[in-house]
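Please look over the sequence and the structure shown here before reading the report that accompanies them.

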Amino acid sequence: MIDPALGTLAIELAYWQETLIKVGVVAALVPTAALILGYVFLLKMMSFMQSRLGPMDAGPFGILQLVADGAKFLQKEDIFPARADKWVFAMAPIVVLVSTMLVYVLIPVGPDLVGEAVDTGVFLALAVSSISVIGILMAGWSSANKYSLIGGMRAAGQLIAYELPLVLAVVGVVIQAGTLNLQGIVAAQATGEIFGWGGIGSPFILTQFVGFFIFMIAVQAELTQTPFDMPVAESEIVGGYQVEYTGFRFLTFFLAEFGTAFAFAGLAAVLFLGGWWVPGFEIDSPWLNVLGPIVMFIKIMAVSFFIFWFRFTYPRFREDQLQALAWKVLIPLSLANIVVTGVLKVVF
Amino acid sequence: MTAISERRQLAYIAAQASDARVNVELETEGMTLNMGPQHPATHGTLRIVAKLDGEQVIAADPIMGYMHRGYEKLTEVRTYPQVTTLVNRIDWLGSFANEVPFILAAERLMEVEAPPRAQWIRTALFELSRIANISLFLGDMALQLGALTPAFYAFRDREFVLNQIESATGGRFHPNFDRIGGLKDDLPKGWIAETKTAMVKLRDFCDMLETLVTGNEIFEARTRGIGVIPAEVGLSYGLSGANIRASGVDWDLRRDQPVGLAWNEIDWKVWTHPDGDSFARFWVRLQEVRESTKMVDQLLDGLPSGPIMAKVPRIIKVPAGEAWVSTENPLGEMGYYVVSQGDLVPFRVKIRSASFNNVSIVPWVLKGVYVPDIVTILASLYFILGDIDR
């Protein structure tokens with residue numbers, strides 16, 4: 001177990017310096033992550049799956065396409081609908097983005113590389129991620145548009161419904177690890193053994209595969225990605241709560257969507273795939289501060305691949321069908337998973 | 001006097017206010033949702049005014065005419081050969097099929113019959129335009145349900161058919177190839193072999209969609225039992241084409257109403273489905289595309305030799321009379337009622353297009369469904385705006 005207060009890097013910084021660095025890193029990380037996911041999956045992978053080439057002209061292999069798109073968004077007029085509630089309308093994308101950024105603070109990518117190693121890390125990460133519901137409701141309501149309103153209401157209903165399986169799926173991991181601290185969960189997986197063999201530790205996906213399955217479905221719904229994209233359903237409510245947003249504010253929603261996908265993939269990597277630990281290293285080895293981020297990045301991209309693969313393949317559920325899936329299937333299943341995990345924990 | 005009326009007025013207001021206080025918790029206010037004229041699910045400019053209670057539709061009205069181009073009137077100032085250029089653009093995805101019934105009607109008035117080779121090529125091109133039209137529907141239906149990918153496959157594979165139509169007629173979208181008494185040209189060299197390769201690709205496309213779309217649980221959950229149209233209701237609203245065949249009515253003008261084309265000479269099957277829901281409409285169309293590819297193969301195998309043009313005068317004057325010809329177009333029954341007064345131009349042309357009747361059932365079928373189902377039902381009814389508004 002790592003004591004968060006005693007890092008392996010002996011760098012002394014004043015509190016304000018440390019905070020400034022952390023804020024800067026997180027603020028830079030969210031758009032970068034969104035751009036990476038947007039380029040690799042939304043632009044390129046989707047194109048290849050659909051027998052297209054995707055962007056080719058902006059930079060090598062179209063790598064700068066999203067930067068160009070972002071620059072274009074910045075030039076657009078900032079339009080407020082005539083009957084919009086202006087303050088709420090303006091605040092909504094910021095609330096959503098802040099909720100994303102707060103998750104980044106909590107995800108560890110190395111023994112020392114974590115914004116804040118909180119003792120209730122899992123709980124806090126899932127709690128702050130659901131702040132985005134408020135932002136989406138604000139956007140849906142303040143736009144003074146019926147499509148936005150329907151989209152906002154659908155989003156609220158869906159996010160609340162899938163918050164439960166998301167949290168309950170993680171409970172199994174928490175029971176096994178015996179801690180809510182994300183660093184502790186990584187350490188528990190690193191020191192674990194598979195039938196007495198500790199070569200690769202014991203990633204919780206091996207024991208908590210039901211939890212992982214439910215977690216990924218709930219993540220898909222939290223991200224409002226197909227097959228759970230009823231709140232934005234382009235073909236019917238034409239973007240839902242995003243209908244009236246233009247330019248920079250729309251860009252903020254975009255960044256938040258993909259940034260959150262990256263963050264949830266990171267959470268899945270930490271909770272189920274062993275996090276930043278590399279087999280063969282001591283858990284507090286300083287080398288992991290270098291290798292950890294790389295390993296985490298690979299794992300995050302692998303998880304994101306699945307998230308986006310489903311997004312590009314499936315049609316969408318109807319609102320009542322996805323509510324039924326959450327309440328009638330996922331929640332009972334995750335409760336059963338908790339019971340089984342708890343019993344096995346006590347027995348062994 | 002004034003005092004009494006004022007007192008009455010105050011009493012009335014007070015009564016209203018107390019009623020409002022009682023009802024404020026019980027009544028929910030309905031919402032009117034305008035879908036369209038600019039909306040991705042309406043394939044253009046159809047407007048659906050839906051009265052909603054929550055997400056449930058209480059009443060839905062289709063409002064059409066945003067794309068009315070006045071073709072019936074325009075035909076009256078065009079000579080008969082010029083009219084095909086116009087009617088091409090009614091159902092723009094299967095445009096060759098629009099020309100055929102008009103030409104057949106004109107031929108019937110002139111008592112001309114195209115030679116067999118022209119009839120067979122006409123039938124083959126007719127079926128090609130059906131494939132081009134409906135294969136796009138197959139992708140679009142999935143797109144309306146939120147699956148992006150099949151739409152791109154549909155566009156990709158439709159291109160093989162469009163290439164064949166283009167190499168035979170010179171036009172990808174608007175061939176304008178049918179002539180009174182025959183066709184403009186014979187088929188180019190090597191076309192038959194190329195078309196057969198394209199038909200193999202289209203059959204692969206149908207197989208792929210069968211696994212990718214109809215085999216998908218979410219697709220089934222979204223379409224099975226949604227938008228059920230019983231056969232008698234569909235018939236009374238004048239539905240035609242795959243929409244009515246999906247309700248179990250075995251009715252196909254290609255088989256039931258011979259108009260001289262080569263359909264009766266080849267071996268094929270009319271597909272029906274007993275359910276009448278959105279899934280059935282998708283499924284029937286999918287089978288029809290596959291059946292059409294087989295029909296094209298047979299037509300090209302049995303293509304008779306001979307001329308492609310009957311003897312017609314250079315300046316076409318159609319003798320006075322009236323004729324009605326309808327055929328089974330990609331979207332359903334399409335017919336032309338042509339009235340001639342022996343002139344260079346038709347006196348009156350009434351166009352019966354399939355989509356106009358097919359969307360007339362929208363208020364009936366949308367009653368009581370949820371907002372997401374509006375989209376699937378509209379997509380499965382498959383209309384094209386040019387075919388509604390003309």
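## Confidence in the model

This is a predicted model, and for the complex as a whole the predictor gives an ipTM of 0.78 together with a pTM of 0.83. Chain B has an average pLDDT of 85, and 95% of the residues in chain B score at least 70.

Within chain B, confidence is lowest in helix 1, residues 2-23, where the mean is 65, whereas it is highest in helix 12, residues 278-301, at 91. Where pLDDT is low, the predicted coordinates should not be read in detail.

## The fold of chain A

Chain A contains twelve helices and zero strands, so that, read along the sequence, its pattern is α-α-α-α-α-α-α-α-α-α-α-α. Taken along the principal axes, the C-alpha atoms of chain A fill a box of roughly 65 × 50 × 45 Å. The radius of gyration of chain A is 21 Å, which agrees with the value near 20 Å that a compact globule of 348 residues would have.

Buried residues account for 49% of the 348 residues in chain A. If one considers the contacts in chain A between residues at least 6 apart in sequence, 79% of them join residues at least 24 apart.

## Where the two chains meet

On the side of chain B, 25 residues are in contact with 24 residues of chain A. At least two residues of this side are supplied by each of strand 1 (31-35), helix 5 (116-144), helix 6 (149-169), helix 8 (217-223) and helix 15 (371-381) of chain B. Helix 8 of chain B gives the most, with four residues.

Sorted by class, the side of chain B that touches chain A has 17 nonpolar residues, alongside five polar and three charged ones.

## The largest nonpolar core

The largest nonpolar core has 212 residues, and those that touch the most other members are Phe215(A), Ala218(A), Ala268(A), Ala106(B) and Ile374(B). Helix 10 of chain A, residues 247-272, gives the most to this core, with 17 residues. In soluble globular proteins, nonpolar side chains tend to be buried together.

Ile374(B), one of the residues that touch the most other members of the core, can be followed in more detail. Once its neighbours within four places in sequence are left aside, Ile374(B) is in contact with Met35(B), Ile48(B), Ala50(B) and Val57(B), as well as with Leu366(B) and Val369(B).

How values were computed:
Residues are numbered from 1 along each chain as its sequence is written. Chains are lettered from A and ligands numbered from 1 in the order in which they are written. This is a predicted model: local features need pLDDT of at least 70, side-chain atom pairs count only at pLDDT 80 or more; totals for chains, interfaces and linings use all residues. Two residues are in contact if their C-beta atoms, placed from the backbone, lie within 7 Å. Ala, Val, Leu, Ile, Met, Phe, Trp, Tyr, Cys and Pro count as nonpolar, Asp, Glu, Lys and Arg as charged, and the others, Gly among them, as polar. The radius of gyration is taken over C-alpha atoms; the globule rule is 2.2 Å times the number of residues to the power 0.38. A residue is buried if 20 or more other C-beta atoms lie within 10 Å of its own, exposed if 12 or fewer, and partly exposed in between; C-beta atoms are placed from the backbone. pLDDT is the predictor's confidence in each residue, from 0 to 100. A nonpolar core is a set of buried Ala, Val, Leu, Ile, Met, Phe, Trp, Tyr and Cys residues joined through C-beta atoms within 7 Å.
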